Amino acid sequence: MKRLLPVLLCLTLPGGAALANAFQPVTRISCPDGDFIVDARPFEWNEGGSSRVAMRYRFRGITLDALQYELYYKNLDAYLHQGQPAIYNLGLELDLSGNSKTYGPDRGDTLYLPPSRFPTAQVQRLATCLAGRQTQIRRDMKRAEIHGSALLGLMKTRAHPPVTGIARIVAADAPLLGVYQSNGNMIVVERDGRVLLHSNSTVNNPMHVVQWGEVATGHAPRTTLRLRRSIQLNGIDYDGQHLLKEKDQRGHRLKEDFEVQWQ
């Protein structure tokens, strides 16, 4: 049966895939300006009966951009402080060392509230509300089980959220449109800026980064990127077509999120 699982996963009917991809509730927090809602969906099932989990955060009906900075050691920290936005830390004990990760510290996403949609006072009230309810959020994150199915519904999966709480609220537009993992490196898509191939190593290793292309027009999810067909980072050649297949923390491939124009 184990030998057949990878084949059967590819043959799962669309209806079964839709069921497994459904968002499921994690927590709902009543705040002064409206409910803050967290839900999650499973993706990338495995033979052990588990899956990866994608998180979604909504406030006043708007899905918030999220990034777990600590996953990338300190390689993306400059983006967190870009433009000197108001940052509200919500009390998690995060691993900020930039060294190899352990399972002890908390893990949480940083959430962005664009000023064009959320007045400053409203952001402050939300941050205060969530900081005061972090114990409930942590409890609900720990208790949540995200269920899915594969193999025409014959295989059931169960997983937990990859975070223990919410790390920060930032009063700004998210500085990045996407971060995609690529064999120890990452592809970083800046908002209205560059597309970078960037090393993702700990602070005791040298950082390597090269510009692969640029953001051309529009806004996610169908922004256009102008990219080179091949790129070299730290003496290693990479094929652009292969890099388009890399995924982010939601399971989205780069080529699914953006249009591409080859230079």
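The following exercises, each with a worked solution, go through the predicted model shown above.

Residues are numbered from 1 along each chain as its sequence is written. Because this is a predicted model, local features need pLDDT of at least 70 and side-chain atom pairs count only at pLDDT 80 or more, while totals for chains, interfaces and linings use all residues, and side-chain values use heavy atoms, with hydrogens and water left out.

**Exercise 1. The chain as a whole**

Find how many helices and strands the chain has, what percentage of its residues count as buried, and what its mean pLDDT is.

Solution. Begin with the secondary structure, in which helices (H or I, at least four residues) and strands (E, at least two) are DSSP runs numbered from the N terminus; the chain has 7 helices and 18 strands. Next take burial, where buried means under 20% relative accessible area, exposed means over 50%, and partly exposed lies in between (1.4 Å probe, protein chains only); of the 263 residues, 47% count as buried. Then turn to pLDDT, the predictor's confidence in each residue, from 0 to 100: its mean over the chain is 89, and 88% of the residues reach 70 or more. Over residues 1-19, however, pLDDT stays under 50.

**Exercise 2. Aromatic pairs**

Solution. A pair of aromatic rings is described by the distance of the centres and the angle of the planes. Rings of Phe, Tyr and Trp (its six-membered ring) pair if their centres lie within 6.5 Å, and planes under 30 degrees apart count as stacked, over 60 as edge-to-face and the rest as tilted. The structure holds 3 aromatic pairs. Phe-59 counts as buried because its relative accessibility is 1%, and Phe-118 is buried with a relative accessible area of 2%.

**Exercise 3. The largest nonpolar core**

Work out which residues of the largest nonpolar core touch the most other members, and which element gives the most to this core.

Solution. A nonpolar core is a set of buried Ala, Val, Leu, Ile, Met, Phe, Trp, Tyr and Cys residues joined through side-chain atoms within 4.5 Å. The largest one has 29 residues, of which Phe-36, Met-55, Tyr-57, Leu-130 and Ile-169 touch the most other members. Two or more residues come from each of β1 (24-31), β2 (34-43), β3, α4, α5 (134-143) and β10 (165-171), and α4 gives the most, with 5 residues. Another core, of 17 residues, lies apart from it and includes Ile-187, Leu-227, Ile-231 and Leu-254.

Now follow Leu-130, which is placed in helix α4 and is buried, with a relative accessible area of 0%. With contact meaning heavy atoms within 4.5 Å, and not counting residues up to four places away in sequence, Leu-130 touches Ile-29, Cys-31, Phe-36, Leu-90, Ile-137, Ile-166 and Ile-169. Although Leu-130 and Ser-30 are 100 residues apart along the chain, their C-alpha atoms are separated by 9.3 Å.

**Exercise 4. Positive phi values**

Determine where Asn-183 and Asn-234 are placed, and whether each is buried or exposed.

Solution. Most residues other than glycine have a negative phi, and most peptide bonds are trans. Phi of Asn-183, however, is positive, near 50 degrees, and this residue is in the loop between β11 and β12 (185-190). Asn-183 counts as exposed because its relative accessibility is 68%. For Asn-234, phi is near 55 degrees, again a positive value in a residue other than glycine, and its place is the loop between β16 (230-233) and β17 (236-239). At 53% relative accessibility, Asn-234 counts as exposed.
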